[in-house]
Each structure stands twice: as structure tokens, then as C-alpha cells.
Amino acid sequence: MAVDEGRLMEFVGKFVGDVGAAMAAGNVVVGDRLGLYKALAEGPQRPEELAARTETAPRYVEEWLRGQAAGGYVEYDPATGRYSLTEEQAFALTDPFAPVFAPGAFQLAVGTLRSVDQITEAFKTGEGFGWHQHDPEVFEGCERFFRPGYIGNLLPSWLPALDGVVERLQHGIRVADVGCGHGASTLLMAQAFPASEFVGFDYHQGSIEEARKRAADAGLSDRVSFEAASAQDFGGGPYDLVTSFDCLHDMGDPLLAARHIRESLGPNGTWMVVEPFAGNAVEDNFNLVGRSYYSFSSFLCVPNALSQDGGYSLGAQAGEEPIRHIAKEAGLSRFRRVAETPFNIVYEARP
């Protein structure tokens, strides 16, 4: 085999970077859990100072800080031996309710990889592996991964992009949030529109129980409820607005789900479909975002869809055309792309 040494070393460089990133994921989770980032955001510190502030072991913290600095997640001053966070690093690493929160994505990744044995077997058999079968860290990490995007975009831009929906929410309507998980999107909308009523649905009972707790803690239980049900059989309609956030592509039968949503919409109802950002051609997704989504999809989205009836496995990078086709086949004749971010595309579908 003739190997070009230059190209080989270029590939080795990619490999080394990926190994470092894989191990860095666990270190970000550790830093988040132990409050290391939050403590470091208070000002430059030596390892022993940060360890004392967080009640952790200095030698571990020293090694952690060195790795964080090597990866560009913290800053290091050789003259003083102190480490620190820039304003931008602190913004992305310390506040789970900010529009950007990196640790959630790493928590999701670490939790997802705990199923590597089961997914390896699924590759050989072709069988599915359900969302509910994953490690609990996946459920929490998923919410912490997606919630910042919802905080930054749902109220300021996504809902206003829908035809007349914000005005109707302000006057008071009934909303179903399908595939709600822990209820982050449901509760964001409920807090912003006190005249409207909201019901969140998810097939995962554990997530529904957590969502109910969060609604109670927020004092919203009087007009926000959560029920265990799938997108194909949830009840309680008609609804003026149905939302689905980053979940349609995970379903074994998204067409049946779309048909049920169509039947559950009241007169002049709207379905807001939020899906991962993707181009229509495979090669359009050969970029950093596409790589992340394809990688998560092979562990989470495709196995979950294959664990269900229906015969679909769209994956996280399905793109606009399959979503449009499903909406049209379900009887939603008006379909348009209304908003996008680097991570999501938002569609409006109406009868």
C-alpha cells in the first residue's frame, strides 16, 4: 500500500484532536458538577486556591486546569501560575440558563456513550434501541443541551415568525408540546403567555415525572400539565398550537404522528416543527454541526426510530424535504420554513 506521509500525518492530527476532545468531554462534565468553572469565574486562581474554594483535591484540580488550558477552555498566566476564564468562556460554561451552555452538550455525549455496547450490537442485528433504554444522564443532558437554544430563540424569534400565533397566545389558547422531555420548551412558553394553557406529552414516563416537578416548582401547575403519551396517540384536542422540538426525526412513524397532529389541530391551528439544522444533500452536512448531529444520531435518533413501529429512521440530518413531504402527506397543505439558527430549522405547517 502506497501511503502519502503528509496526508497520513494530517489524518493523525485529526485523530489526536478527536481523542483529546473525547476525553475533554468527561473533564467538562467534572468541572460543571464540581462547580470549578463557576468558582474560576470569580477571578484568577492558582490550582490550590481553586481547590480550596471548591473543596476538591489540589492535585486533581491542577491536572484538570492544565488540560482545560491546553484545550482553550481556560486561560493560563505563566508569570503568576494563575488560571482564569475570559468573559466569553464564563458565559458559555457557567450558566445553564444562558443562550449558550457548553456543559450540557458534553453531559449528553458522555451519557450517550455509556450505551456503546448496546449500540454496537444493534449495528450487527439491525434492531432498535429505545430512548428510554439509555442512561439517565442522556435525558438530563439532552435538556441542558437544547434548552439554551430555546431560551435564546423560542420567544424572541421562533414564535413571532409564525403567522398570528403570538397574538393568539397572548389572548389565550390551548397548546400541546409533543415530545416535551423535561418540559423546558413547555415551561418557557407558559411563563411568557399566562393567558394560555399548555399540555406536554412524552412517551418517556421518567421525563414526564420530572416535568411535573418542574411545573410545580415554577408555580405553573394550574395551567400546565404533563402526560405520558406518544406523538401518535396523545389526547385532549383540539389545540390551537402544537409544537414539536427536535423530536420528529426520532420517531419510527413520523407520518402517523403528523396525521394525528393534523387531527388534533383546531380551526386555524398551527404546528410548529423545530428540527436540527441540515441541508438536503448529504454532502451539505459535512461540517462541524453535521458531524456532531450524525454522531449523536447513530447512537440516539436512528436506534430509537428503529425500536418503534413505522419503518422510518430519518436521523438528525434529515433536512427540509422529508419534513415537508411528511407534512403534506398528513394533510397540512401550507408548509414553510420560517426561522433558522446554526443548530435548528423552524417550520410552520397548517391545514
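Student: OK, so a pocket here is an open set of grid points with protein on both sides within 12 Å along at least five of seven lines. How much space lies in the second largest pocket?

Tutor: About 680 Å³. Keep in mind that this is a predicted model.

Student: Noted. Which residues lie nearest the centre of that second largest pocket?

Tutor: Trp131, Gly179, Asp246, Cys247 and Asp250, out of 40 lining residues.

Student: And which helix gives the most to that lining?

Tutor: Helix 8, with seven residues. Helix 10 (184–192), strand 4 (197–202), helix 13 and helix 14 (301–306) also supply at least two residues each. By class, the lining of this second largest pocket splits into 23 nonpolar, twelve polar and five charged residues.

Student: Now the largest pocket. How much space lies in there?

Tutor: About 1500 Å³. It has 40 lining residues, and Ala105, Phe106, Phe145, Ser292 and Phe296 are the closest to its centre.

Student: Where does the largest share of that lining come from?

Tutor: From helix 13, which provides nine residues.

Student: How many charged residues are in the lining of the largest pocket?

Tutor: Two, next to 27 nonpolar and eleven polar ones.

Student: Switching to electrostatics. How many salt bridges are there?

Tutor: The count comes to 22. One of them is Lys124 with Glu121, where the closest N and O atoms are 3.3 Å apart.

Student: Where do those two sit relative to each other in helix 7?

Tutor: They're three residues apart in helix 7 (residues 116–125), so about one helical turn separates Lys124 from Glu121. In general, an α-helix has 3.6 residues a turn, so residues three or four places apart point the same way.

Student: Is Lys124 buried or exposed?

Tutor: Lys124 is exposed, at 63% relative accessible area, while Glu121 is partly exposed at 41%.

Student: Which parts of the chain does the Arg212 and Glu227 salt bridge involve?

Tutor: The side chains of Arg212 and Glu227 meet at 3.6 Å, N to O. That pair links distant parts of the chain, with Arg212 in helix 11 (residues 205–217) and Glu227 in strand 5 (residues 224–228), 15 residues apart. Arg212 is partly exposed at 38% relative accessibility, and Glu227 is partly exposed at 37%.

Student: What about Glu340 and Arg337, how far apart are their closest N and O atoms?

Tutor: 2.8 Å, in a salt bridge. Salt bridges with shared partners tie Glu320, Glu321, Arg324, Arg337 and Glu340 into one network.

Student: Which residues of helix 15 are buried?

Tutor: In helix 15 (residues 320–329), the buried ones are Glu320, Ile323, Ile326 and Ala327. They cover an arc of only 135 degrees around the axis, so they sit on the same side of helix 15.

Student: What covers those buried residues?

Tutor: The cover includes helix 12 (254–264), strand 7 (265–276), strand 8 (334–340) and strand 9 (344–350).

Student: Last one. What is the phi of Gly331, after helix 15?

Tutor: Gly331, which follows helix 15, has a positive phi, near 95 degrees.

Key
Residues numbered from 1 in each chain as written. Predicted model: local features only at pLDDT ≥ 70, side-chain atom pairs only at ≥ 80, totals over all residues. Heavy atoms only, no water. Salt bridge = Lys/Arg side-chain N within 4 Å of Asp/Glu carboxyl O. Helix = DSSP H or I, 4+ residues; strand = E, 2+ residues; numbered from the N terminus. Buried < 20%, exposed > 50% of the residue type's maximum accessible area, 1.4 Å probe, protein only. 1 Å grid on protein atoms, 1.4 Å probe; cavity = no way out; pocket = protein on both sides within 12 Å on 5 of 7 lines; lining within 4 Å. Points joined across faces, edges and corners; volume = space filled by probe spheres on them. Nonpolar A, V, L, I, M, F, W, Y, C, P; charged D, E, K, R; others polar. Arc of directions from axis to C-beta. Contact = heavy atoms within 4.5 Å.
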